[in-house]
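Look over the sequence and the model before reading on.

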Amino acid sequence: MNRIEALLTDMGLVLPSPKPPVANYLGTKRSGNLLFVSARVSEQRGKVSAEVNQEQAKLAARDAMLDLLAITKADIGNLDKITSILKVQGFVNSAESFKAHPQVIDGASELLIALYGESGRHARTATGAAQLPYGASIQLDMVVELSLSDYG
Amino acid sequence: MNRIEALLTDMGLVLPSPKPPVANYLGTKRSGNLLFVSARVSEQRGKVSAEVNQEQAKLAARDAMLDLLAITKADIGNLDKITSILKVQGFVNSAESFKAHPQVIDGASELLIALYGESGRHARTATGAAQLPYGASIQLDMVVELSLSDYG
Amino acid sequence: MNRIEALLTDMGLVLPSPKPPVANYLGTKRSGNLLFVSARVSEQRGKVSAEVNQEQAKLAARDAMLDLLAITKADIGNLDKITSILKVQGFVNSAESFKAHPQVIDGASELLIALYGESGRHARTATGAAQLPYGASIQLDMVVELSLSDYG
């Protein structure tokens, strides 16, 4: 019961308050046992490698994933309903010289693996962006699989 | 019968002629009741905030969504078969100083909600791009759910 | 039996050794008969139109698709299990003046069509990126459909 949130507490992490979407979209949308989770940007602002270093950016990716989990919980009620993380897409707002996008997005992926184990391992696209909404350093979205027993 | 197209007419909008893909891809591809709709770029060209203002860009996002709907209709025959809009991805060709990508992509999302109501609300990723095909201001793709009764 | 690999041989192409993911993600992740294939970057480095010409970039897109197929084969055992290519997403690391992203990503799409015929035709998003991991010219990911008989 609330196994994932208990793990977060064990890790010393707190699920943030779910932030409502900033514009005309939903936090998540479900079809069958697939849940599409809308992109969220990190609280951390600034271009990675120019204004923000790689370690700060990796932490920002972890924090943005906490925001994705918070909105997902708000929508489905319990993070334990997620049976598999399928695909994560991460954009890094980066100076042209920066090329270590995968290592930054690992901040999000490592959190998912710590929480969901093998089921938390996922396919991924980590890429660069010249600019992100609100000047954020990181933007993440994902597709997850939900338990069939919860949704038939 | 053609409820969605009747709504478009009521809104004073016209579904454009479906534009054939510009290269070696399909307009849409179906798997079960999921339909993947290829990206389309707006007729509107130019970088948002540098050459195109935010209001023009939002209108360009609406018009690009009309193009997505036109090609979807050409492929599935009737837009009423769409039971849910799952995920929209929008790229805004923007100057580095521009940060209001979500407000621009709302042009597409608001059209979907006007047409499909609650089912038209969707997960979304709105992000920046340094350049888009043909110098377009907006690029949109989406994943939608089709009626199971039409496709078994 | 291994029809797709035989076709590759007929085309004079060789499936490369599957490259393990460079960071904390899987090469592919399956849900039902959907397989999400992680993004791979091309061996070819450099900005298209500045350091790499369009023809080289198109070839790099084909080669990156060979890498996607190699990692897919490593995960599912046999490329013949793919029943349909659903969606390809391609990023082109390009100078701001470059606008022919679709023609570059055709290098990947044409390979899929040569191998899988009509089933290889797919929905697609081809777009620009200011920078890609490791300074690569091309980044590709995809979603494919697998044979239900293999996965129930």
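Axes are lines fitted to C-alpha atoms, for helices over the stretch in contact, and angles run from 0 to 180 degrees between N-to-C directions. Helices (H or I, at least four residues) and strands (E, at least two) are DSSP runs, numbered from the N terminus. This is a predicted model: local features need pLDDT of at least 70, side-chain atom pairs count only at pLDDT 80 or more, and totals for chains, interfaces and linings use all residues. Residues are numbered from 1 along each chain as its sequence is written, and chains are lettered from A and ligands numbered from 1 in the order in which they are written.

In chain B, helix H2 (residues 54-76) packs with helix H3 (residues 101-116) at an angle of about 40°. Their axes are 7 Å apart.

Chain A holds an open, mixed sheet of five strands, ordered S1-S2-S5-S3-S4. Strands pair if DSSP finds at least two bridges between them. S1 (28-31) and S4 (123-129) of chain A are at the edges with a single partner strand each, so one side of each lacks a neighbour in the sheet. The twist averages 15° from one strand to the next. S3 (residues 82-93) of chain A and S4(A) are parallel, with seven bridges. A:Phe91 is opposite A:Thr127 in S4(A).

Contact requires C-beta atoms, placed from the backbone, within 7 Å.

| Helix of chain A | Strands of chain A | Angle |
|---|---|---|
| H2 (residues 54-76) | lies across S1, S2, S3 and S5 | about 40° to S5(A) |
| H3 (residues 101-116) | touches S3, S4 and S5 | about 160° with S3(A) |

Between chains, 26 residues of chain C contact 22 residues of chain B.

Definitions and conventions:
Contact = placed C-beta atoms within 7 Å.
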